[in-house]
Amino acid sequence: MDLSVTLKGQTHDLTLKNPVLTASGTFGYGLEFATYGDLSALGGMVVKGLSLLPRQGNATPRIVETTAGMLNAVGLQNDGVENFCNTKLPRLPWQETAVIANIYAGSVDEFAELAARLNEEEGVAALEVNVSCPNVKEGGVLFGQDPVLAAQVTAAVRRAAPGKHVMIKLSPNVTDIALMARSVEDAGADSVSCINTLFGMSVDLHSRKPSLANVVGGLSGPAIKPVALRCVWQVARAVNGIGGIVTAEDALEFLLVGASAVQVGTGNFMRPDCAFALAEELPAACERLGIEDLDAFRGSLNLD
């Protein structure tokens, strides 16, 4: 069965050998998981979020398990874009598996600078733009909660990276996620990925303190799957799904409501071979469910 998918873009298409990708922040730079499976068997890898300069991240504890999921407030720790381009990207099988660079910044100009730097790298197939970060020049408002700001970031990245597929990672912490999708599409996005984490918190009754040093964090895992499915369904032109994907059946549910590909996130913490196993199990799952053509199956949810 042909499992290849193409994320159709306004400027650049992105073709994947199968619809299974890893989610940013859950799979390191990819190299850390090479002992658990064949990286080239994946449809794509979205690497750990990159900033212009190295970042230490938040104080610990910054990850805590919750019912059917986890909270994280890692604080976007990373080695910086230059270190990634010079020491990590050359070691990834980018000729066989799409490498997607997730980027974040505190201003529109920084997003553009990052995009321009990564546009130079042949091994980067696409940029995933994390708009769920604060605009330091606008009093800390999150780019992803304001359609005008999200569009400004999208347009800046599109201009700075004319050679790359541009994907915008949408936040579920908004009133109307479809409006956000339309705003970034109008600004030049090739695709969107749904969803980033939901805001949440956990407390320790014994110490009477927050479980996370940052107090609040991002909730992910099977607990948010119903929200993620709803968001993908609402965003009629959505091309990615993220949120609670652990099994091949989970992945197919997202394709059923309109996604073209899926990203495995929290599942990588539960078992480090999760994405590899999902990619391997997908053909058999399709056969069990009588799915002969992924293109025909995509978006075929029966509402009658």
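Which residues do ring pairs link into a cluster? In this predicted model, the cluster consists of F27, F33, Y36 and F276.

**Aromatic rings**

The structure holds 5 aromatic pairs. One of them joins F33 and Y36 in a tilted arrangement, with 6.1 Å from centre to centre and 55° between the planes. A pair of aromatic rings is described by the distance of the centres and the angle of the planes. F33 is buried, whereas Y36 is partly exposed. Another ring, that of Y29, has the charged end of K88 sitting over it, 4.8 Å from the ring centre.

| Residue | Relative accessible area | Class |
|---|---|---|
| F33 | 13% | buried |
| Y36 | 45% | partly exposed |
| S171 | 6% | buried |

**Helix α1**

K88 also belongs to helix α1, which covers residues 81-88. Within this helix, V81, F84, C85 and K88 are buried. These residues lie on the same side of α1, because they cover an arc of only 120° around the axis. An α-helix has 3.6 residues a turn, so residues three or four places apart point the same way. The buried residues of α1 pack against strands β4 (44-50) and β7 (98-103), and against helix α2 (108-119).

**Residue S171**

S171 is found in the loop between β9 (165-170) and α4 (177-186). Although placed in a loop, S171 is buried, with a relative accessible area of 6%. Its side chain reaches the backbone nitrogen of N173 at 3.0 Å. When neighbours within four places in sequence are left aside, S171 is in contact with S132, I177 and N196.

Technical notes
Residues numbered from 1 in each chain as written. Predicted model: local features only at pLDDT ≥ 70, side-chain atom pairs only at ≥ 80, totals over all residues. Heavy atoms only, no water. Phe/Tyr/Trp six-rings, centres within 6.5 Å; stacked < 30°, edge-to-face > 60°. Buried < 20%, exposed > 50% of the residue type's maximum accessible area, 1.4 Å probe, protein only. Lys NZ or Arg CZ within 6 Å of the ring centre and 35° of its normal. Helix = DSSP H or I, 4+ residues; strand = E, 2+ residues; numbered from the N terminus. Arc of directions from axis to C-beta. Contact = heavy atoms within 4.5 Å. Polar contact = N/O pair within 3.5 Å; in protein donor to acceptor, adjacent residues only side chain to side chain.
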